[in-house]
Amino acid sequence: KEIIMSYREDKLMSLAGADINQLTESELKTYCKELLKNKIHGICFSVYDENQKPGDDISDEQILKKLEIIKPHVKWIRTFSCSDENMRIPILAKELGFKTLVGAWLGKDLDKNQIEVDKLIELCNDSYIDVAAVGNEVMYRKDLSEEKLIEYIKYVKSKIKTKVPVGYVDAYYEFSSRPSMTDTCDVILTNCYPYWEGCNIDYSLIYMKQMFYHARDVANGKRVIITETGWPSKGSSLRGADPSNKNFLKYFVNAQKWSYEEEIEMFYFSSFDESWKINSEGDVGAFWGIWDSDTKSKFS
């Protein structure tokens, strides 16, 4: 296997077999860089520079610059919307050789929802999408009824002419509590965040596994993808969950090792820090990226 083969040097071999809790921050960064060198499965793509937000004018040059930074390290990217600048991301990503999981952003505005799903269908039929997501955490936010969400999922499935699996993204527990929604999906797309449930970093990997298994147990044999997981490098603590650079590194190593060893499809959150998320997520919202807002790797 590629990652194991990369650890032939004594130092990296010792890191591969080491207790993560005993590694220094410098050793953790070395380990993280090696995991990236061998390419992780996927990443949630964040396109906005400092002081930008969704809806701002974003050039193709800016999109391509960020795609080129992550290209040596990532096989898949995930996007969250098909509106405005987000419509162009999967097109440019495909041209660079990425596989794509692309979402239509659904909310309370039904007119905007229709634009999103129609553009998602267009991108699917033009072969720019490998997995389609109809909505992200809509049930969690209570923006739509389950019946309306299922209606959107069925609409997209009926209009796609290519063999693109269609699913819906939400927290792992939503799929067990909403069997009709789960049955409608071709693929189960689950977000797994030990941090947001106040889990201590020492138990975070075990907890994430439980989240994934929870979704898998109700998937009825369907493909299950972790569409988001990660740990903030800075910000306020949430009960037992403490953001720090070292915890950020530990979580990345643990998550990627497990993803590789168990062949779990995982999209890490996220590529670049984005300051606009402070408004909705508090101070931690800006510090989930593997690269900071100046596009400098946190593993350097």
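Colleague: Before we start, what counts as a pocket here, and what counts as a lining residue?

Modeller: A pocket is an open set of grid points with protein on both sides within 12 Å along at least five of seven lines, and its lining residues have an atom within 4 Å of a point. Keep in mind that this is a predicted model.

Colleague: Fine. How many residues line the largest pocket, and which lie nearest its centre?

Modeller: The lining has 42 residues. Nearest the centre of the largest pocket are Trp 105, Asn 136, Arg 141, Trp 276 and Glu 281.

Colleague: Which elements give two or more residues to that lining?

Modeller: Those are α6 (110-125), α7 (138-141) and α13 (278-281). The most comes from α6, which gives 3 residues.

Colleague: What is the volume of the largest pocket, and how does its lining divide by class?

Modeller: The volume is about 1200 Å³. The lining of the largest pocket divides into 18 nonpolar, 12 polar and 12 charged residues.

Colleague: And the second largest pocket, what volume does that have?

Modeller: The second largest pocket has about 200 Å³. It is lined by 13 residues, and the closest to its centre are Lys 234, Asp 273, Phe 287, Asp 292 and Lys 298.

Colleague: What classes make up the lining of the second largest pocket?

Modeller: There are 6 charged, 5 polar and 2 nonpolar residues in the lining of the second largest pocket.

Colleague: Changing topic. How many disulfides does the structure hold?

Modeller: It holds 0 disulfides.

Colleague: Is Cys 82 buried or exposed?

Modeller: Cys 82 is buried, at a relative accessible area of 0%.

Colleague: What about Cys 199?

Modeller: The closest cysteine sulfur to that of Cys 199 is in Cys 192, 12 Å away, which is too far for a bond. Cys 199 is buried as well, with a relative accessible area of 9%.

Colleague: On to the backbone. Where is there a cis peptide bond?

Modeller: It joins Phe 269 and Ser 270, with omega about 0°. Ser 270 sits in the loop between β8 (266-268) and α13. Most peptide bonds are trans.

Colleague: Which residues other than glycine have a positive phi?

Modeller: Asn 220 has a phi near 55°, and Glu 263 has one of about 55°. Most residues other than glycine have a negative phi.

Colleague: Where do Asn 220 and Glu 263 lie?

Modeller: Asn 220 is in the loop between α11 (204-217) and β7 (224-229). Glu 263 is in the loop between α12 (245-261) and β8.

Colleague: Buried or exposed, for Asn 220 and Glu 263?

Modeller: Asn 220 is exposed, with a relative accessible area of 60%. Glu 263 is exposed too, at 68%.

Colleague: Last one, Ser 176. Which helix is it in, and what does it touch?

Modeller: Ser 176 lies in α9 (residues 174-177). Leaving out residues up to four places away in sequence, Ser 176 touches His 214 and Val 218. The side chains of Ser 176 and His 214 are joined by a polar contact of 2.8 Å.

Colleague: What separates Ser 176 from Val 224?

Modeller: Their C-alpha atoms are separated by 13 Å, and the two residues are 48 residues apart along the chain.

Technical notes. Residues numbered from 1 in each chain as written. Predicted model: local features only at pLDDT ≥ 70, side-chain atom pairs only at ≥ 80, totals over all residues. Heavy atoms only, no water. 1 Å grid on protein atoms, 1.4 Å probe; cavity = no way out; pocket = protein on both sides within 12 Å on 5 of 7 lines; lining within 4 Å. Points joined across faces, edges and corners; volume = space filled by probe spheres on them. Helix = DSSP H or I, 4+ residues; strand = E, 2+ residues; numbered from the N terminus. Nonpolar A, V, L, I, M, F, W, Y, C, P; charged D, E, K, R; others polar. Disulfide = S-S within 2.5 Å. Buried < 20%, exposed > 50% of the residue type's maximum accessible area, 1.4 Å probe, protein only. Contact = heavy atoms within 4.5 Å. Polar contact = N/O pair within 3.5 Å; in protein donor to acceptor, adjacent residues only side chain to side chain.
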